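I wanted to look up a few packing details here and jot them down as I went.

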Amino acid sequence: MAFDIDMIRGVYARYEKKVEETRKLLNRPLTLTEKILYTHLSGEMPESAFERGKSYVDFAPDRVAMQDATAQMALLQFMQAGRDKAAVPSTVHCDHLILAKDGALADLKGALNMNKEVFDFLSSVSNKYGIGFWKPGAGIIHQVVLENYAFPGGMMIGTDSHTVNAGGLGMVAIGVGGADAVDVMAGMPWELKFPKLIGVKLTGKLNGWTSAKDVILKVAGILTVKGGTGCILEYFGEGAKSLSATGKGTICNMGAEIGATTSTFGYDESMAEYLIGTERADVAELANQVKEHLTGDDEVYANPEKYFDQVIEINLSELEPHINGPFTPDRATPLSQFAEEVKKNNWPKELEVGLIGSCTNSSYEDISRAASVARQAVDKKLKTKAEFTITPGSEKVRYTVERDGFLNDFDKIGGVVLANACGPCIGQWARHTNDPNRANSIITSFNRNFAKRNDGNPNTHAFVASPEIVTAFAIAGDLTFNPITDTLVNENGEQVKLDEPAGIQMPPKGFDVKDAGYQAPAKDGSSIEVVVDPKSERLQLLSPFEPWDGNNITGLKLLIKAKGKCTTDHISMAGPWLRFRGHLDNISNNMLTGAINYFNDKSDSVKNQLTGEYGVVPQVQRDYKANGIGSIVVGDHNYGEGSSREHAAMEPRHLGVRVVLVKSFARIHETNLKKQGMLALTFENEADYDKIQEDDVISLIDLESFAPDIPVTIELLHADGSKDFIKAVHTYNQQQIEWFRAGSALNLIKLQNA
Ligand code: SF4
């Protein structure tokens with residue numbers, strides 16, 4: 001579907017030369033990850049090799065994908081860049097805003113009503129700027145990308161953490177914030193710290209009840225939720241080759257749960273088969289021509305300890321099915337020990353709902369294996385005890401598995417097919433329950449299982465497993481059931497046992513679909529008008545931020561001196577505020593409401609220096625803004641850690657905060673502030689944090705000579721008339737100072753594009 005074969009041809013044309021240059025530069029055999037990364041450098045080859053875990057490197061990704069929740073602000077910003085079209089092939093996918101309640105058709109209808117203006121906006125912006133648009137119901141971003149756009153050796157970014165799913169087709173695919181997507185679509189380089197590399201050697205072959213999902217459930221248990229941070233996992237070995245491309249996708253998908261930058265696999269026959277099966281024989285043909293570059297060198301895989309920072313080995317022949325959870329995806333328990341764990345920990349034994357599908361596990365193979373279990377329930381006269389839902393990852397998969405009778409198998413055990421969307425996986429689930437705080441157990445084939453994620457109930461014990469295990473558990477309705485060893489009592493009172501699941505990797509009659517739900521962009525979008533109702537509470541067109549006038553910034557009021565942890569969630573909360581992600585002014589009403597005020601230890605309570613009274617942070621700041629007074633936010637260590645959410649930088653900018661001065665920044669947030677035209681400064685002497693008083697008026701007295709590596713002098717005028725002078729350092733390079741001068745990075749791009 002509209003994949004860009006010329007772009008792929010161009011990428012492959014670079015491979016030979018770039019890999020050779022990289023080999024010379026590193027003077028040793030190469031991992032696949034290194035081949036992909038060095039082939040996608042934004043500029044020339046460096047003089048010396050990048051340092052893993054240290055060097056910040058500019059890349060030029062091949063594609064961008066965005067989901068509907070994050071795309072709103074990304075596209076609103078992109079519209080400011082002054083471009084006719086996105087600089088690289090890009091797509092938008094409507095999947096996060098569909099509430100699961102009564103089943104696919106009714107739920108989709110409800111979502112179309114409720115989110116009409118958002119979908120219409122995304123559709124018209126996409127149409128105008130050459131961006132492929134996948135309508136609500138078309139599928140979940142990562143499954144659609146795998147089916148249509150992912151290609152071996154490619155590099156992409158996506159505004160969703162499970163973008164990493166595309167590693168199943170041999171990509172380096174990375175989840176990012178909206179601001180990064182804007183950079184790449186606007187033609188700017190994209191920066192990433194050169195990752196460390198973890199090699200995962202897979203030997204043996206899956207069998208019985210074990211599936212690809214169990215590989216990543218096991219890896220999550222080994223590495224834990226933080227073990228992959230700053231790393232790319234590269235899977236290799238005979239076991240890797242024996243897995244289907246979609247199975248590889250599942251493994252890469254859940255790499256997000258261990259904090260990995262991404263995961264990937266070398267190009268092999270299963271990938272070629274998947275490409276051909278999804279109508280991309282031409283991509284497979286091109287990949288075959290450069291296939292020696294689309295995998296790591298033999299020597300690397302023969303002696304992985306020499307080339308990876310860490311190596312893990314898993315024998316698939318011996319791997320047991322795993323069940324991870326509750327409340328964290330790295331609590332991994334082999335099936336044989338799970339019943340014991342349930343009893344020992346007093347987890348609710350009755351299983352209330354089994355949910356299969358999602359972007360993690362809704363391939364043809366997954367569905368066919370789960371359906372083979374469902375079929376047995378009917379054949380063996382078993383009554384399914386738990387509720388059971390199926391979330392297909394795309395309309396293409398849904399249509400095909402319906403045609404091949406699998407949905408019918410689920411129907412016969414009372415399964416409810418939900419819309420091809422995120423639904424319960426992202427908490428968009430109107431779960432039928434009378435007590436929203438009741439302790440209960442559910443099991444899903446999804447990826448995340450943090451408290452409240454699926455249904456908002458903090459006492460829902462959510463477990464994660466493969467679709468076939470979820471289906472077997474739903475039939476049993478009992479968390480202590482082990483389908484490998486246990487029997488169930490059927491309607492005739494007989495003890496019956498479930499046989500091992502049997503599935504098919506690719507549909508024997510091929511994939512099919514009536515309407516995939518794709519809208520190609522207009523060839524010439526210049527006459528398309530993007531309409532946003534000025535009265536809308538969910539969307540608001542952006543106005544460019546004011547450029548810097550070149551003068552010192554003086555007379556700033558202290559808005560808040562934040563104490564302790566101040567993450568992007570403290571700065572711009574999620575939850576109910578998700579609704580306003582496309583409306584900067586409305587979402588700004590959550591600005592810094594979670595930060596703790598140093599002077600009273602309270603959140604969302606700061607002194608308004610104009611009235612002397614305490615008020616909520618956004619309101620106090622609006623008061624300053626209305627009076628034409630700038631303000632400053634002071635913070636502690638690692639200010640802005642958490643997500644790459646650009647709203648956390650845009651909101652203070654929008655409401656008139658001029659400076660953020662902290663002991664230290666989380667790097668992504670610091671960059672986001674710079675991009676939005678804010679001054680992000682760090683105390684030269686962190687003890688100066690203590691000099692900031694509640695009624696201070698603060699001035700930057702030598703900003704006129706703002707330059708790289710030159711500290712800025714700050715005057716603190718205290719309420720008693722005394723003054724302190726402190727120094728702040730910064731990390732602005734010349735280019736970033738130009739962003740500041742222009743008012744934002746986008747303003748500068750617009751000037752350059754004019
Ligand atoms: Fe994210 Fe779940 Fe949607 Fe996948 S199905 S994109 S994990 S919300």
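Predicted model: local features only at pLDDT ≥ 70, side-chain atom pairs only at ≥ 80, totals over all residues.

I began with Phe 473, skipping neighbours within four places in sequence: it is in contact with Leu 351, Gly 354, Ile 443, Leu 479 and Phe 481. Contact here means C-beta atoms, placed from the backbone, within 7 Å.

Residues are numbered from 1 along each chain as its sequence is written.

Next I asked which residues touch the most other members of the largest nonpolar core. They are Phe 473 and Ile 632, in a core of 225 residues. Such a core is a set of buried Ala, Val, Leu, Ile, Met, Phe, Trp, Tyr and Cys residues joined through C-beta atoms within 7 Å; buried means 20 or more other C-beta atoms within 10 Å of a residue's own.

Then I turned to the domains, whose bounds come from an automatic or database domain assignment. I noted domain 1 (5–38 + 54–318), domain 2 (322–496) and domain 3 (553–753). Helices are DSSP runs of H or I, at least four residues, and strands are E runs of at least two, numbered from the N terminus.

Eight of its eight residues are buried, so H7 is largely enclosed by the rest of the structure. Its buried residues pack against H3 and helix H24 (667–675), among others.

Notes: Buried ≥ 20, exposed ≤ 12 C-beta atoms within 10 Å, placed from the backbone. Contact = placed C-beta atoms within 7 Å.
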